[in-house]
Amino acid sequence: MLFFENSTRTRVSFEQACNYLGYRVVNFAGSGSSMNKGESLKDTILTLKHELLEAVVMRHKASGSAQLGQGYFGGPLINAGDGQHEHPTQALGDALTVLERKGRLDGLKIAIVGDVMHSRVARSNSWMFSKMGSEVRFVGPRTLMPSSMAMLPGEVFYDLRTGISGADVVMCLRLQKERMTDGRLSSMGEYRRLYQVNRQTLKWAADDAIVMHPGPMNRGVELDDLTADGPDSVILDQVSNGVFVRMAALKWLFDGEETNS
Ligand code: NCD
């Protein structure tokens, strides 16, 4: 478990998945390691490889780091989030959560609301849902949409009401303050006023819309408490399903061809 960035849900769910599967886990925290003495990612991964670890689960702040790390490691390396790029197992858990509630993914309208620019969850989910035949929409302030938006599969809306109108799934994203170094938001209050998903604004979505958030939430900003804790929220299901899809991913890696279908 090679986690160079903070994590609660992802790290614990990978560990829990390993526990259920009977695998043994070695934890590595960037802060207590020789990375603090200036050791590179390459030398860190080569060290783990020669300590005979059989797989690596890695989170790192640099986009592309998982692919780079896999090259050094040679064996299985699961991306648990690389910078602003991808978070594939989050998308798989989210797909399972939607499938449980809606019974299908194709034809659903999925509105991904908030800080799309900094969100690896938005990227992995948009690829996954569009591949499965859902209609993906990105909703949020212009300043929090990436300049390469045209490369992502979905339509962009700057207005919450039109963006979530008729949506079957409203997926809120965390405002990633730690990645916002350049004053992209004039104020939290303004974001809340224009983009908060709450009991009033949720009425614009489909009657049976479900509300998602990958966590950690800024309660009272992306979502109000009543919505986060209400009957339409599947946020804690996302957490539980995270364990199951990570078990599946690990098993798929280790059990070879016959389970690969
Ligand atoms: C997300 C992440 O780290 O990418 N959290 C998670 O893994 N559940 C989203 C976030 O940090 O906002």
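This report describes selected helix, strand and side-chain features of one structure.

The model is predicted, so that local features need pLDDT of at least 70 and side-chain atom pairs count only at pLDDT 80 or more, while totals for chains, interfaces and linings use all residues. Residues are numbered from 1 along each chain as its sequence is written, and side-chain values use heavy atoms, with hydrogens and water left out.

**Helix 3**

Helices (H or I, at least four residues) and strands (E, at least two) are DSSP runs, numbered from the N terminus. Helix 3 covers residues 65–73, and its buried residues are Ser65, Ala66, Gly69 and Phe73. Here buried means under 20% relative accessible area, exposed over 50%, and partly exposed in between (1.4 Å probe, protein chains only). Seen down the axis of helix 3, the buried residues fall within an arc of 95°, so they line one face of the helix; the arc is that of the directions from the helix axis to the C-beta atoms. Gln67 and Gly71, on the other side of helix 3, are exposed. The cover over the buried residues includes helix 2 (41–50), strand 3 (56–60) and strand 4 (77–82), where contact means heavy atoms within 4.5 Å. Just after helix 3, Gly74 has a positive phi of about 85°.

Two strands pair if DSSP finds at least two bridges between them.

| Partner of strand 8 | Sense | Bridges | Residues standing opposite |
|---|---|---|---|
| Strand 5 (residues 109–113) | parallel | 4 bridges | Val113 and Cys172 |
| Strand 9 (residues 210–212) | parallel | 3 bridges | Val211 and Val170 |

**Cysteines and aromatic rings**

The structure holds 0 disulfides, a disulfide being a pair of cysteine sulfur atoms within 2.5 Å. Cys18 is buried at 5% relative accessibility, and Cys172 is buried with a relative accessible area of 1%.

Across the whole structure there are 3 aromatic pairs. Rings of Phe, Tyr and Trp (its six-membered ring) pair if their centres lie within 6.5 Å; planes under 30 degrees apart count as stacked, over 60 as edge-to-face and the rest as tilted. The ring centres of Phe4 and Phe28 are 5.6 Å apart and their planes stand at 70°, so this pair is edge-to-face. Phe4 lies in the loop between strand 1 (2–3) and helix 1 (9–21) and Phe28 in strand 2 (residues 28–29), so the pair ties together parts that are 24 residues apart in sequence.
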